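Welcome, and thanks for taking a look at this one with me.

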Amino acid sequence: MRTYIAPIGYDSTRVTRPILSQGIARDTHIELLIPTTTTDDSRGAQAIDDVRRMVEQIEPNVDIETTEVSHDDFEAAIEACGSLIDSADGEVVVIFGGGARDIIRL
């Protein structure tokens with residue numbers, strides 16, 4: 001089993017390229033990190049849909065989830081990301097170059 005954890009911005013290829021280079025199997029899990037926001041973010045939603053469509057064409061049984069990460073509290077954001085990594089099954093691949101949307105504002 002392999003778990004991918006990646007922030008997702010507006011360009012899905014920043015997530016899909018590393019996933020394709022590492023490989024996808026039936027038991028792969030993909031966790032897409034998005035910032036907690038109150039605004040409508042259709043570009044971000046489109047990028048998530050693009051990832052889902054691309055992965056489904058290769059392996060329809062891959063589990064893809066999104067997790068909102070607060071960008072207002074640095075410690076909470078780090079804790080949320082750490083919890084995802086700790087709870088992941090199998091090999092964990094963290095993709096840092098996943099997107100241009102802010103999750104952590106310093």
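**Notes on the fold and its contacts**

1. Among contacts in the chain (heavy atoms within 4.5 Å) between residues at least 6 apart in sequence, 84% join residues at least 24 apart. Please keep in mind that this is a predicted model, in which local features need pLDDT of at least 70, side-chain atom pairs count only at pLDDT 80 or more, and totals for chains, interfaces and linings use all residues. Residues are numbered from 1 along each chain as its sequence is written, and side-chain values use heavy atoms, with hydrogens and water left out.

2. Let's start with the layout. The chain has three helices and four strands, and along the sequence they follow the pattern β-α-β-α-β-α-β. Helices (H or I, at least four residues) and strands (E, at least two) are DSSP runs, numbered from the N terminus.

3. Next, the surface. Of the 106 residues in the chain, 40% are buried; buried means under 20% relative accessible area, exposed over 50%, and partly exposed in between (1.4 Å probe, protein chains only). The chain exposes about 6,200 Å², and carbon and sulfur atoms supply 46% of it. These areas come from the Shrake-Rupley method with a 1.4 Å probe; for residues, only the protein chains shown count as cover.

4. How many salt bridges are there? The count comes to two, a salt bridge being a side-chain nitrogen of Lys or Arg within 4 Å of a carboxyl oxygen of Asp or Glu. One of them joins the side chains of R2 and E91, at 3.0 Å from N to O. R2 lies in strand β1 (residues 2-7) and E91 in strand β4 (residues 91-94), so this pair ties together parts that are 89 residues apart in sequence. E91 is partly exposed, at 40% relative accessible area.

5. D50 also forms a salt bridge, with R53, where the closest N and O atoms are 2.5 Å apart. D50 and R53 sit three residues apart in helix α2 (residues 42-58), so about one helical turn separates them. D50 is partly exposed at 26% relative accessibility, and R53 is partly exposed at 44%.

6. Finally, have a look at T28, in the loop between α1 (13-22) and β2 (29-35). Is T28 buried or exposed? At 3% relative accessibility, T28 counts as buried. Leaving aside neighbours within four places in sequence, T28 is in contact with R2, Y4, V62 and D63.
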